[in-house]
Amino acid sequence: MKQEVQTVLVTGGAGFIGSAVCRHLVAGGGYRVVNLDKLTYAGNLASLRDIEGHPNYAFHRADICDAGAIRQILATEKVDRIMHLAAESHVDRSIDGPMEFVSTNVVGTVSLLSAALDHWRGLDAARQQNFRFHHVSTDEVFGDLPFDSGVFSEESPYRPSSPYSASKAASDHFVRAWHETYGLPVVLSNCSNNYGPYHFPEKLIPLVIANALDERPLPVYGKGANVRDWLYVEDHARALEAVMTKGQVGESYNIGGRAERTNLEVVETICALLDARRPRSNGKSHLDLIAFVADRPGHDRRYAIDPTKSERELGWRPQETFESGLAHTVDWYLENGWWWRPIREQRFDGARQGLVGAQ
Ligand code: NAD
Ligand code: TYD
């Protein structure tokens, strides 16, 4: 029997993870993907070049705060499921300007929930049963872990430290409230730090690769001792499909790669990969470019995910190790300057490329 194609509305599909999700779902063949994105500084339709003409892909430029526009798109596109990724996502920007984070991550999520609830209520019984609102969130809602102990489980208390993580925590609470209060069938996932192709070059890994290739300083906050748990973005996209299709309504799932590294280890590994692939003309290692700069205020020491529930209930496992994923990522940036060079040159200020603040 031919399986029915599901229409999935992906919000934030022009961003880093959202574009990986769109490419993954379209390639799988079982979905029609409707990408809804405001195209902020972080949104880039060039990341969707591989699928832009595909019959199972459509794009709408819209703001999740605009509930009227969202209602219309949900109805005209006959949406079966929603995967919500649209957000302001950069911690340093949230420190400089928190209101945009409250507006998109909190108010925008509530406006999307309200539109989704009306849409869900208007569906027939079978489509209501099948409907999911999948909220994509972060491990940063759980806050700061000591260097030497503890991991985040789904039961860990919420203790966000930054305006970004506080806004994501608030959005998680609203999603649960729409389930408990109105019965909207929701599922949540909280993932660790992602890396991979099409990652906006203000985040640590793409910033370090791009700066190293341009012979610029590699900014490491503080002593570089903070630990993050890294996951290759395509492994996250596979996990998100599993959560959306197999996750229990009302539940949340932690997703992570069991790949904890200090920031300095991450930067040193990138330098070693570049030394082997693109040696510097002066014969020195890229390590010489490392610059220790002023620390981020409220910088969480360590994040670490226990992904046991996702592994057990969803049958999901990452396919990449940190070493293989980082090698793919470095190769991708070496081969795809067409994507990241225009961003660095036209749309992005020097302060965020580590050009200021070196100690
Ligand atoms: P991103 O910043 O690369 O992309 C965000 C996208 O959302 C952009 O395309 C932007 O144009 C769009 N957007 C922003 N405001 C919007 C609005 N008001 N209406 C519609 N679209 C809007 O972010 P990302 O790194 O791809 O993260 C995606 C989601 O995953 C976020 O919700 C984030 O909290 C979560 N997450 C990210 C990571 C990570 O390591 N990057 C880890 C765990 C969870
Ligand atoms: P980032 O990529 O901004 O992700 P997040 O803050 O969501 O974890 O930062 C990852 C880690 O790298 C974090 O501990 C901060 C650190 N960092 C630097 O040391 N230098 C940089 O220039 C940036 C952007 C981040």
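The exercises below concern aromatic rings and a ligand in a predicted model.

**Exercise 1.** Classify the aromatic pair formed by tyrosine 198 and tryptophan 339, and say where its two residues lie.

Solution.
- A pair of rings is described by the distance of the centres and the angle of the planes.
- For tyrosine 198 and tryptophan 339, the centres are 5.6 Å apart and the planes make an angle of 85 degrees.
- Planes over 60 degrees apart count as edge-to-face, so this pair is edge-to-face.
- Tyrosine 198 belongs to the loop between β7 (193–195) and α7 (204–213), while tryptophan 339 is in helix α12 (residues 337–346).
- The pair therefore links parts of the chain that are 141 residues apart.

**Exercise 2.** Are tyrosine 198 and tryptophan 339 buried or exposed?

Solution.
- Buried means under 20% relative accessible area.
- Tyrosine 198 has 9%, so this residue is buried.
- Tryptophan 339 has 4%, so this residue is buried too.
- Both belong to a cluster of ring pairs that also includes Trp332, Tyr333 and Trp340.

**Exercise 3.** Describe the surroundings of ligand 1.

Solution.
- Ligand 1 is surrounded by 28 residues, and Ile17, Asp37, Ser89, Tyr164 and Lys168 are the closest.
- By class, 13 of the shell residues are nonpolar, 11 polar and four charged.
- Among the elements, β5 (132–138) gives the most to the shell, with three residues.
- A polar side-chain atom of aspartate 37 lies 2.6 Å from an oxygen atom of the ligand.
- For isoleucine 17, a backbone N or O atom is 2.7 Å from a ligand oxygen.
- The protein covers 96% of the 840 Å² of accessible area that ligand 1 has on its own.

Technical notes. Residues numbered from 1 in each chain as written. Chains lettered and ligands numbered in written order. Predicted model: local features only at pLDDT ≥ 70, side-chain atom pairs only at ≥ 80, totals over all residues. Heavy atoms only, no water. Phe/Tyr/Trp six-rings, centres within 6.5 Å; stacked < 30°, edge-to-face > 60°. Helix = DSSP H or I, 4+ residues; strand = E, 2+ residues; numbered from the N terminus. Buried < 20%, exposed > 50% of the residue type's maximum accessible area, 1.4 Å probe, protein only. Near = heavy atom within 4 Å. Polar contact = N/O pair within 3.5 Å; in protein donor to acceptor, adjacent residues only side chain to side chain. Areas by Shrake-Rupley, 256 points an atom, 1.4 Å probe, with all protein chains shown as cover. Nonpolar A, V, L, I, M, F, W, Y, C, P; charged D, E, K, R; others polar.
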